[in-house]
Amino acid sequence: MKADPAGVLTGAHYLDGDFACGEGAMAAGCRFTAGYPITPSTEVVERISRRFPMMGGTFIQMEDELASMAAIVGGSWTGSKCLTVTSGPGFSLMMENIGLAVMMEVPCVVVNVQRGGPSTGLPTMTGQADMMQARWGSHGDYELIAMSPQSPQEAFDLMIDAFNLSEQYRVPVLFMMDECVGHMTEKVVIPPADEIEIVVRKFTKDPPGKFLPYRVNGTYVPDFARAGDGYRFHTTGLTHDERGYPEMSAACQEVCVRRLIEKITKNADKIVRFDEENTDGADVVVVCYGITARVARMGIDMARKKGVKVGVIRLIVVWPFPEKHIRELAKKIKAFVVPEINYGQMVLEVERCSAGNAAAVCVPHGGGSVHDPKDICDAIVGAAK
Amino acid sequence: MSRTEIRITGYGGQGVVLSGYIIGRACAIDAGKHATMIQSFGPEARGSACSATLSVSDTEVLYPYIGRPDIFVVMSSEGYNTFRDELKDKGTLVYETDLVKPNLKKGQPSFGVPSTRIAEELGRPIVQNIVMLGFFAAVSKIVSQDEMREAVKESVPPGTEDLNLKAFDAGWAHYEETYGDNKGKKAAVAADSSA
């Protein structure tokens, strides 16, 4: 279906990444947001709270991030598209209920505008050090989806995809911005509502009494029943059967958790998304994401001028990771170079998928700024030797 | 590829970020260039150091931060002291004459405007930043006068367009009167002689 025009601010704007992210959420049909303000993410909810009344949306400023995440899990059970927004310290507090959303299979989107950490770290300055937390921050085995935009325009565009994926797979989507993109103001073009494709979760057609909330009929994603539509069912964070009732057994755990994982892994080819340039015949391939992808392009140009054959893979969907692609590429190149604003996180995944076939070179940056393109160039030149 | 880097600085509450926003908007939306603005501010809402930077380019801006700016617009002495040495040797200095007493350098084009006083004369000191913007636009010609006026109109609160355009025009006029082709010849030459 097409986007609701009420939420779409069609036109050319000059917006920062946070505002663009908020506009993307509203264009995607988000009508419930709960959050607790934290730099550098607050502008997202400032934008939303100002504009929501015009489209019948509800914003609640919660008492903390635990409550914010809990509120959107509950909000989503009413069938509403739900968002919360935070940065590192708040992201840590949201982890438990992100796990609950995974287990209950509740669509929702969580924005993390990353700043320097650990702890309260560098509130107003950039970082990309929550990438592994996005994948592993909540306890237990699970899979989810995470994305990383490189510009305000992409913050808008990908936000729509984030909501669509969340609805389609009934899974939390983590929107891993960085402060640099969040606080950077650039041109953002918002298309007309009838050019924005919107996915809505599949609501059950079974009548109340016949409906089983976790029956999948051979697919991976169960149909959804809205709270308030007359369906009486149980949902829980405990291991559950297809009725949603707790069942404490190894057999039920195997069925329940395996499906949660395979829902993503078996659909990974459809979810994985990256830009690829000049990897054919390359000796070195740079793997990057977010603001670092832009800075890396300067380092790549510098290395090309020195005669290195270098390609680039820019991760757009970060989790699930493009495992197969990196595995294949590793057999054809000398090395991957992975610049990121942390001391080496996604590089571990590149290294794992390379399986010893290609080197994986980390270009770390502690946060507070972006890389010097020369450092990326030097790493590429060094890796090509 | 031509890239122009600009830093605007002052204290919080002066409208530093809005000035940067309007310049960026004029470049990116009205003039079809690429313009990336980055803002930084102190923890306090008003009175602390506040700064915005812009990278304006014919091609996509890959590196978002500035190195040594080509143009330095300064509206507070604290901002001047913090960033004065960052300006390129031949970079352009644009300053508020009553708030900043710059140590003018030889060969550095320097342009001053009493934007606070002009804004007070217009009856609303709050438009000081837009007076400065009009003056900056005239000095830099980074986009046309019409394009910058359009961006002012689109960026200020509804109902304040006329006041803000008046402020913009007053800033532009101050440049014409003081440094324009027909008037002064006081521009870089004046700066040199007082160095």
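How much area is buried between domain 1 of chain A and domain 2 of chain A, and what percentage of it do carbon and sulfur atoms give? In this predicted model, the area buried between these two domains is about 2,000 Å², and carbon and sulfur atoms give 58% of it. The points below take the interface within chain A and then the interface between the chains.

**Domain 1 and domain 2 of chain A**

- Chain A is divided into domain 1, covering 5-195, and domain 2, covering 274-384, and the C-alpha centres of the two domains lie 26 Å apart.
- The contact between them involves 26 residues of domain 1 of chain A and 23 residues of domain 2 of chain A, and on the domain 1 side A:Gln128, A:Met132 and A:Gln150 lose the most area to domain 2, together accounting for 33% of what that side buries.
- Two salt bridges are found across this interface, and A:Glu154 and A:Arg314 meet in a salt bridge through their side chains, with an N to O distance of 2.7 Å.
- Between the two domains there are 17 residue pairs in polar contact, counting pairs with both residues at pLDDT 80 or more.
- Elements of domain 1 of chain A that give two or more residues to the side touching domain 2 include strand S6 (122-126), helix H5 (131-136), strand S7 (145-147) and helix H6 (152-169), and H5(A) gives the most to that side, with four residues.
- By class, this side of domain 1 of chain A has 15 nonpolar, six polar and five charged residues.

**Chain A and chain B**

- Across the chain interface, 21 residues of chain A are in contact with 18 residues of chain B, and A:Tyr14, A:His183 and A:Arg294 supply 36% of the area that chain A buries against chain B, which is more than any other three residues.
- One salt bridge is found between the chains, and B:Glu60 forms a salt bridge with A:Arg297, in which the closest N and O atoms are 3.3 Å apart.
- Six residue pairs are in polar contact across the interface of chain A and chain B, again with both residues at pLDDT 80 or more.
- On the side of chain A that touches chain B, strand S1 (11-16), helix H7 (179-182), strand S9 (184-190) and helix H10 (291-305) each supply at least two residues, and H10(A) gives the most, with five residues.
- By class, that side of chain A has nine nonpolar, six polar and six charged residues.

How values were computed: Residues are numbered from 1 along each chain as its sequence is written. Chains are lettered from A and ligands numbered from 1 in the order in which they are written. This is a predicted model: local features need pLDDT of at least 70, side-chain atom pairs count only at pLDDT 80 or more; totals for chains, interfaces and linings use all residues. Side-chain values use heavy atoms; hydrogens and water are left out. Contact means heavy atoms within 4.5 Å. Buried area is the accessible area (1.4 Å probe) that two parts lose on being put together, summed over both. A salt bridge is a side-chain nitrogen of Lys or Arg within 4 Å of a carboxyl oxygen of Asp or Glu. A polar contact is a pair of N or O atoms within 3.5 Å; within protein, one must be able to donate a hydrogen and the other to accept it, and residues adjacent in sequence count only if both atoms are side-chain atoms. Ala, Val, Leu, Ile, Met, Phe, Trp, Tyr, Cys and Pro count as nonpolar, Asp, Glu, Lys and Arg as charged, and the others, Gly among them, as polar. Domain bounds come from an automatic or database domain assignment.
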